[in-house]
Amino acid sequence: MNLKRILALSLILGAALSAVNAGGGGGFFYGLQTPEYIPNNSLGLMYTGGYGYGVSGHEINGGFGVGLSDFQSETGIAGGYGGVIHGARGKVGPVNLMITSWTGIGGIKFTQAQSGDSLSYLIVTEEIDLEIGLAVLPWFMPVFYAGYQVMGNVAPGRPFQDFFSYTPVIGVRFAFGKF
């Protein structure tokens, strides 16, 4: 494992563990872009990552890292990004209802099908999610979410024109912490 991966995993684990002590959680997630439901230009991407957050009253604040890939293997897309989480949480017994904003910056590379040329972009992302979690144990909560994701290039090229994606997303998160 190279130094960058060790550092990234250490940061994610550190964020998750610090969130546990502050009241909140952290863990890992798996999500998919879902092009079937509302207008979009989905690339059919799958993403996995880790995250951590603290809770103060009803407010959620934290950070995340995510890796992207094309699970349909048609475009050869790969990339990743990291960023901040901000949101609000309400609780009814063991049920957690959250609305969160996941804002990130990173990079993406893909191969154009017609020419075979590879293109790389610095990207920014915004994802708004509605999350429903069930604290099955005081320290473990599976969370199901649905939301909408917008992703676009900053450089090179014309911002949000050379590479731009907007699509619904769904997924599951596994949170460990203090719920």
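1. Two strands count as paired if DSSP finds at least two bridges between them. Keep that rule in mind for this predicted model. Strand 1 and strand 2 (residues 45-56) meet it with nine bridges, in the antiparallel sense.

2. Strands of a sheet pair through backbone hydrogen bonds, either parallel or antiparallel.

3. Next, the overall fold. Eight strands form a closed barrel in the order 1-2-3-4-5-6-7-8, and the pairing is antiparallel. From one strand to the next, the twist averages 25°.

4. Look at where strand 1 meets strand 8. Strand 1 covers residues 24-33, and strand 8 covers residues 164-178. They run antiparallel and are joined by 10 bridges.

5. Which residues face glycine 25? In strand 2, glycine 25 stands opposite tyrosine 53. In strand 8, the bridge partner of glycine 25 is glycine 177.

6. Strand 8 also pairs with strand 7. That antiparallel pairing spans 13 bridges. Here proline 142 stands opposite phenylalanine 174 of strand 8.

7. A nonpolar patch of about 560 Å² is made by Phe28, Leu134, Val136, Leu137, Trp139 and Phe176.

8. Where does leucine 137 sit? Leucine 137 is in the loop between strand 6 (118-134) and strand 7 (140-155). Is leucine 137 buried, partly exposed or exposed? Buried means under 20% relative accessible area, and exposed means over 50%. Leucine 137 has 36% relative accessibility, so it counts as partly exposed.

Notes: Residues numbered from 1 in each chain as written. Predicted model: local features only at pLDDT ≥ 70, side-chain atom pairs only at ≥ 80, totals over all residues. Heavy atoms only, no water. Patch = residues over 30% accessible without salt bridge, like charges linked within 9 Å, V, L, I, M, F, W, Y side chains within 5 Å. Areas by Shrake-Rupley, 256 points an atom, 1.4 Å probe, with all protein chains shown as cover. Salt bridge = Lys/Arg side-chain N within 4 Å of Asp/Glu carboxyl O. Helix = DSSP H or I, 4+ residues; strand = E, 2+ residues; numbered from the N terminus. Buried < 20%, exposed > 50% of the residue type's maximum accessible area, 1.4 Å probe, protein only. Axes fitted to C-alpha atoms, helices over the stretch in contact; angles between N-to-C directions.
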